[in-house]
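Here is a set of questions and answers on a two-chain model. Each answer works towards the value or name asked for.

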Amino acid sequence: MAVALVLVLVVVGSVLFHLLSPWWWTPIASNWDYIDHTIIITFWITGVVFAAVVLFMAYCVFRFRHREGNRAAYEPENKRLESWLTIVTAVGVTALLVPGLFVWSRFVNVPSDATEVEVVGQQWQWSFRLPGKDGKLGTSDTSNVSAENPLGVIASDPNGQDDVVVEAADLHLPVGKPVKMLLRSIDVLHDFYVPEFRAKMDMIPGSVTYFWFTPTRTGTFQVLCAELCGQGHPLMNGVVMVDTQEDYVAWLGEQQTFAQLSAPQQTGSADPAPAGTVAPGSRISAKLETVEAR
Amino acid sequence: MVDITPADAVPPAEVGEMELYHPHSWWTKYVFSQDAKVIAIQYSATATAIGMVALVLSWLMRLQLGFPGTFDFITPEAYYQFITMHGMIMVIYLLTALFLGGFGNYLIPLMVGARDMVFPYVNMLSYWIYLLAVLVLVSSFFAPGGPTGAGWTLYPPQAIMTGTPGGQDWGIILMLVSLILFIIGFTMGGLNYVVTVLQARTRGMTLMRLPLTVWGIFTATVMALLAFPALFVACVMMLFDRALGTSFFMPAIVEMGEQLQHSGGSPILFQHLFWFFGHPEVYIVALPAFGIVSDLISTHARKNIFGYRMMVWAIVGIGALSFVVWAHHMYVSGMHPYFGFFFATTTLIIAVPTAIKVYNWVLTLWRGDIHLTIPMLFALAFIVTFVNGGLTGLFLGNVVVDVPLSDTMFVVAHFHMVMGVAPILVIFGAIYHWYPKVTGRMLNETLGQFHFWVTFLGAYLIFFPMHYLGLVGLPRRYAELTDMTIMTDSAHHLNSFISIMAFMVGFAQLVFLFNLIWSIRHGREAGGNPWRATTLEWQTSETPPVHGNFGKELPIVYRWAYDYSVPGAKEDFIPQNVPGSFGTSKESA
């Protein structure tokens with residue numbers, strides 16, 4: 001009796017919690033509301049199944065609980081019922097999978113008018129690179145990374161000279177324009193994650209990964225790292241500001257290009273400690289302090 | 001010509017096989033025993049002991065998450081060490097060891113009607129290597145730099161770099177060595193379980209008369225024998241990368257402003273190897289639970305398991321399918337995005353046999369004679385949590401839905417519900433069920449009720465709301481969730497609530513441990529078959545069973561394991577070794 005009641009309460013409580021909970025996703029700021037819709041479909045189907053199974057169980061526990069003289073039925077199999085349940089399940093699963101794959105194909109196929117933006121992760125900060133006037137990002141290589149060239153841009157590639165380099169500062173994007181985020185890491189795995197954009201992707205040293213989205217509203221959004229990347233992982237925050245076109249152009253005008261940054265008089269960079277002369281432990285704490293200070 | 005005379009140490013041919021392994025001293029009876037039942041208890045006790053460490057680690061994590069900034073000794077470094085060791089211990093050293101080494105050793109020979117495992121010496125060796133693996137793991141707590149803090153997935157390159165606790169100290173090395181040892185030890189045990197099930201079944205015990213417990217453990221063991229080698233090579237390669245400077249998983253990397261000597265390795269290759277093991281591992285833990293819970297439900301509802309053949313094929317089907325779904329853990333890893341189509345499809349297909357199992361459990365309850373014993377309560381709680389956790393798997397398995405939820409608290413909630421809470425509830429149910437066979441006494445019922453209600457409701461209250469923190473977008477593996485624009489006061493209160501529930505559930509486990517120890521002496525006498533069950537382990541001539549399990553003659557099996565409430569029979573159960581025509585055996589004709 002009590003057990004059946006608790007089982008019913010688990011279902012009722014879970015449904016009420018779902019409906020009344022203040023914990024829900026953040027207001028979306030990208031075109032990926034398709035994903036939100038798929039989640040809603042999934043909630044409906046799984047919610048109905050959960051309630052049905054547990055309520056059925058509660059009924060069984062109530063109705064068929066042991067009483068003196070009771071005897072269970074003897075029914076080893078019921079082919080019809082079993083195949084019927086299998087078919088219903090298969091239909092339910094298909095109803096989840098088909099919209100999911102449909103949206104995934106949109107997610108992985110980047111529109112041809114998307115602008116490329118490079119994100120570079122390193123313990124524990126974000127840097128960015130935007131193509132210059134030529135619209136092309138220059139090639140890069142981790143083995144080129146140095147204090148003067150923090151993103152490892154290959155200087156001999158002419159496409160790279162006019163690239164805009166944003167080191168350890170905020171990224172700005174124009175609203176309403178699709179962007180392809182090219183993701184790169186120069187040390188460990190990271191994951192570029194903005195909850196309001198719904199998209200995220202790991203960054204792998206030695207590879208370039210990507211995802212695309214279109215920002216749909218202006219605002220300031222926090223970038224989080226979503227792949228455990230060492231002890232500074234929770235501090236690895238960044239900012240993406242989605243601007244109107246005018247604000248974006250104004251911001252872009254203030255940024256420096258790779259050519260400007262690598263001119264000899266401007267070698268002063270964020271990390272003054274010469275590498276290799278201090279113990280790794282103190283380099284980590286120095287790094288953590290810089291990150292925390294921001 | 002050389003005279004061939006048998007050496008004294010070689011026993012003459014007429015000595016019975018069982019005699020060869022029979023203990024002749026205290027040491028060989030209780031310590032270096034070759035009796036699978038003693039080995040089972042050694043495995044279980046060791047797993048429980050290391051599991052207590054994992055429990056304490058989870059409290060420390062919850063202290064930090066629920067009350068951030070209050071406990072100075074929980075630095076980010078320490079926090080990452082706690083989560084890593086908690087995860088690794090729970091998945092490998094507790095769940096795998098307990099289900100296969102513990103329940104497998106105790107139940108397989110008894111349930112199939114064998115005198116012991118087929119290779120008793122190798123079986124003993126398996127335990128001692130497992131113990132060594134545990135000791136190496138524990139030693140990393142005391143090594144300079146402490147244990148590794150790379151997360152239980154141990155992803156390179158960070159796992160072996162500075163910036164990750166233990167990455168350039170002893171932590172990661174000890175972790176990898178311990179895993180390698182564990183796999184060696186497991187392989188020795190695993191070969192035993194498989195060969196025993198295939199070769200040592202008693203007369204009449206056809207495969208389709210095996211209790212589902214044996215099917216679950218058997219299939220899980222076959223899977224483990226195929227999956228663990230992937231982890232083994234991954235560990236060896238990473239050990240080489242770390243200790244010898246090779247570059248299996250290490251591309252060109254800048255570490256804290258300095259170029260490292262590595263180049264050309266692939267970090268994502270490790271992830272494929274890890275999850276090729278890691279996903280089957282989920283089912284290595286789940287399938288024994290599926291099998292055991294089927295037998296608990298059937299016995300305590302006094303009704304045959306519904307759709308036995310379908311249940312067997314579902315176990316085998318899930319086992320096979322689980323080898324082609326691994327990359328659903330890697331949807332946002334940066335692998336080729338087209339993999340997503342394939343792995344989402346296989347992953348959702350696996351939901352069908354899994355759902356069939358759930359239906360058959362609840363249909364076994366239908367028109368049963370349900371005794372709400374403690375094992376039955378745990379079985380019911382298992383169904384609730386498993387259905388809940390399984391259904392959230394449909395979110396994460398569906399590739400595009402996974403994108404926003406991946407690496408958030410939703411994932412933490414999902415896998416704890418489905419492969420933490422659910423299998424552990426089965427373990428508890430199984431312990432209440434078989435304890436009388438192991439010790440001859442019942443566990444205390446009142447303490448059991450307390451343990452059950454606090455554990456079930458507490459765990460549900462921990463992990464059900466946690467999904468919604470993930471929906472908000474809160475990432476997992478954050479030592480502090482404070483500096484975040486999406487973090488709200490209410491989410492913070494929910495975290496504190498979850499922490500308080502975690503301490504209560506943990507406390508209930510201490511009560512359970514007390515019950516385990518107290519009842520050895522003070523529990524009610526159980527008799528040989530207190531649950532009136534049909535399977536062979538309840539039909540032994542002595543309880544607890546002695547070395548060799550059965551008396552002079554091995555039992556002969558005449559029927560399947562589920563002849564409960566057979567129409568026309570006097571009792572509501574007919575043991576497998578009882579001849580006669582009541583309820584003709586229902587194995588495939």
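Two residues are in contact if their C-beta atoms, placed from the backbone, lie within 7 Å. This is a predicted model: local features need pLDDT of at least 70, side-chain atom pairs count only at pLDDT 80 or more, and totals for chains, interfaces and linings use all residues. Residues are numbered from 1 along each chain as its sequence is written, with chains lettered from A and ligands numbered from 1 in the order in which they are written.

Q: How many residues of chain B are in contact with chain A, and which helix of chain B gives the largest share?
A: On the chain A side, 89 residues take part, and on the chain B side 101. Helices (H or I, at least four residues) and strands (E, at least two) are DSSP runs, numbered from the N terminus. The largest share of the chain B side is nine residues, from helix α12 (residues 374-397) of chain B.

Q: How do the residues of the side of chain B that touches chain A divide?
A: Ala, Val, Leu, Ile, Met, Phe, Trp, Tyr, Cys and Pro count as nonpolar, Asp, Glu, Lys and Arg as charged, and the others, Gly among them, as polar. On that basis the side of chain B that touches chain A has 64 nonpolar, 24 polar and 13 charged residues.

Q: Why is chain A called more spread out than a compact globule?
A: Chain A has seven helices and ten strands. The radius of gyration is taken over C-alpha atoms, and the globule rule is 2.2 Å times the number of residues to the power 0.38. For 294 residues the rule gives 19 Å; chain A is more spread out because its radius of gyration is well over that, at 27 Å.

Q: Which domains are assigned in chain A, and how far apart do their C-alpha centres lie?
A: Domain bounds come from an automatic or database domain assignment. In chain A it gives domain 1 (2-64 + 80-108) and domain 2 (115-265). Eight residues of domain 1 of chain A are in contact with 13 residues of domain 2 of chain A. The C-alpha centres of the two domains lie apart by 38 Å.

Q: Which residues of chain B are in contact with Thr86(A)?
A: Thr86(A) sits in helix α3 (residues 79-108) of chain A. A residue is buried if 20 or more other C-beta atoms lie within 10 Å of its own, exposed if 12 or fewer, and partly exposed in between; C-beta atoms are placed from the backbone. Thr86(A) has 16 such neighbours, so it counts as partly exposed. Leaving aside neighbours within four places in sequence, its contacts are Val352(B) and Ile356(B).

Q: In what order do the five strands of the open sheet in chain A run, and which are the edge strands?
A: Two strands pair if DSSP finds at least two bridges between them. The order is β4-β10-β9-β6-β7 (chain A), with mixed pairing. Each edge strand pairs on one side only: these are β4 (171-174) and β7 (200-203) of chain A.

Q: Which residue is the bridge partner of Tyr193(A) in β7(A)?
A: Strand β6 (residues 190-193) of chain A runs antiparallel to β7(A), joined by four bridges. The two form a hairpin with six residues between them, and Arg198(A) in the turn has a positive phi of about 70°. In β7(A), Tyr193(A) is bridged to Lys200(A).

Q: Which residue stands opposite Val117(A) in β5(A)?
A: Strand β1 (residues 115-122) of chain A is mostly covered, with six of its eight residues buried. Seven bridges join β1(A) to strand β5 (residues 179-185) of chain A, and the two run parallel. Opposite Val117(A) stands Met181(A).

Q: Which residue of β2(A) is the bridge partner of Val120(A)?
A: β1(A) also pairs with strand β2 (residues 125-130) of chain A, in the antiparallel sense over five bridges. A hairpin of two residues joins β1(A) to β2(A). The partner of Val120(A) is Ser127(A).

Q: Is Asp407(B) buried or exposed?
A: Asp407(B) lies in the loop between α13 (399-405) and α14 (409-439) of chain B. Its phi is near 60°, a positive value in a residue other than glycine. Most residues other than glycine have a negative phi. With 23 C-beta neighbours inside 10 Å, Asp407(B) counts as buried.
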